Amino acid sequence: MVSRRAALLSILAAASLPAASPQPLPERIFLENINAIRRGKGLAPLALDPALSAFARRRVDEVLAPDGSDVPLVGDALHARAEKDGYDARFLAELIVESEGDDLAAVEASWAEGSTGRPFVLRDDIHDLGIGIGRRGAARGYVFLFGLSAKGSFEERTKDLPADRATLVSRMLARVNEERRNFGRAPLRVNPRLDRAAQSHADDMLARSFYGHNDPEGRGPFQRALASGYRPLSVGENIARGEFSLPEVMDGWMKSEPHRRDLLDPVFVDVGFGFARGKNANGYQVLWVQLFGREK
């Protein structure tokens with residue numbers, strides 16, 4: 001017979017034992033080992049993406065179904081399926097591995113040197129990883145999705161743009177005046193009212209998903225300058241989208257005769273700039289505005 005004191009000591013002893021550390025989930029093990037390979041090659045680590053992992057779990061259920069196929073999806077079919085699960089892919093590749101039992105080493109062999117998954121693991125244009133793990137009897141299925149989202153692609157392409165507007169304005173003005181000096185024109189100065197009108201137009205185009213010199217109500221650059229408090233004798237406007245850096249957009253304007261004409265017009269003495277970046281109905285965009293003027 002065990003006394004109450006002995007039983008109590010037994011409980012206290014058990015309570016004082018350190019709790020066993022939880023074992024890492026296989027998804028985390030795979031992620032860490034893939035990132036170890038990438039770090040060894042000087043590549044940025046991947047992150048588990050929830051939407052991509054949700055799609056991977058759906059895919060592994062399909063692979064392990066009685067009539068399932070272990071042939072990876074490719075191209076538009078893969079992109080369309082991922083988008084249904086909330087992942088808007090710019091690049092996406094699928095690796096399917098099947099094994100008997102929980103042999104993680106056998107799964108990881110699929111991206112060892114010279115293996116099928118190695119090129120995916122070492123791509124430098126992917127940011128995200130989705131992992132789905134399933135089982136049917138003794139069979140185990142693993143789906144790995146290597147992706148770059150539209151958002152990730154946009155962030156990568158715009159990473160060199162200054163975050164603060166003041167720096168963008170300063171750099172744009174310097175480049176505009178450099179071009180004007182090269183053609184014997186007087187430099188421009190930033191006018192706060194034109195600057196406000198240009199920024200408002202860039203923000204409006206992004207917010208309402210349109211692109212043009214006239215807004216949906218038909219207001220053009222002259223009306224916007226006037227509404228900002230500027231008394232325009234003459235105005236001109238350059239707009240652009242699709243360019244992801246200041247040198248790129250300026251080079252494009254200088255190669256276009258009507259845009260170059262505005263940039264170099266000796267009538268103008270004032271300028272304002274607008275910059276907007278983000279997502280709208282047309283996708284991820286950077287919108288650029290230059291508003292030139294001369295007051296009465």
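**View 1. Strands E2 and E4 run antiparallel and are joined by 11 bridges.** E4 covers residues 139–149. Helices (H or I, at least four residues) and strands (E, at least two) are DSSP runs, numbered from the N terminus. Find Ala 93: its bridge partner in E4 is Phe 146. The model is predicted; local features need pLDDT of at least 70, side-chain atom pairs count only at pLDDT 80 or more, and totals for chains, interfaces and linings use all residues. Residues are numbered from 1 along each chain as its sequence is written, and side-chain values use heavy atoms, with hydrogens and water left out.

**View 2. The open sheet E1-E3-E4-E2 has 4 strands.** Its pairing is mixed. Two strands pair if DSSP finds at least two bridges between them. Strand E1 (47–48) and strand E2 (89–100) stand at the edges. Each has a single partner strand, so one side of each is left without a neighbour in the sheet. Helix H2 (residues 26–40) packs on this sheet. H2 touches E1, strand E3 (128–136) and E4, and its direction makes about 140° with that of E3. Touching here means contact, with heavy atoms within 4.5 Å. Angles run from 0 to 180 degrees between N-to-C directions, and axes are lines fitted to C-alpha atoms, for helices over the stretch in contact. Helix H3 lies across E1, E2, E3 and E4, running at about 30° to E3.

**View 3. Helix H3 (residues 50–64) packs against helix H4 (residues 75–84).** The angle is about 120°, and the axes are 9 Å apart. That makes H3 oblique to H4. By angle, under 35 degrees counts as roughly parallel, over 145 as roughly antiparallel, 65 to 115 as roughly perpendicular and the rest as oblique. Phe 55, Arg 58, Arg 59 and Glu 62 in H3 meet Leu 78, Arg 81 and Ala 82 in H4. The contact residues divide into 3 nonpolar, no polar and 4 charged. Ala, Val, Leu, Ile, Met, Phe, Trp, Tyr, Cys and Pro count as nonpolar, Asp, Glu, Lys and Arg as charged, and the others, Gly among them, as polar.

**View 4. Strands E5, E7, E8 and E6, in that order, form an open sheet.** Here too the pairing is mixed. The edge strands are E5 (189–190) and E6 (232–241), and each pairs on one side only. Strand E7 (residues 270–280) and strand E8 (residues 283–295) pair in the antiparallel sense over 11 bridges. Phe 275 has Trp 288 in E8 as its bridge partner. Helix H12 (residues 257–264) packs on the sheet and touches E6 and E8. The direction of H12 makes about 135° with that of E6. Helix H11 (residues 246–254) lies across E6 and E8, at about 55° to E8.

**View 5. The axes of H11 and H12 cross at roughly 100° and come within 6 Å.** That makes H11 roughly perpendicular to H12. Met 250, Trp 253 and Met 254 of H11 make the contact with His 259, Arg 260, Leu 263 and Leu 264 of H12. These residues divide into 5 nonpolar, 1 polar and 1 charged.

**View 6. Helix H8 (residues 165–182) packs with H11 at about 35°.** Their axes are 11 Å apart. Residues of H8 in this contact include Leu 168 and Met 172; those of H11 include Val 249 and Trp 253. The contact divides into 9 nonpolar, no polar and 4 charged residues.
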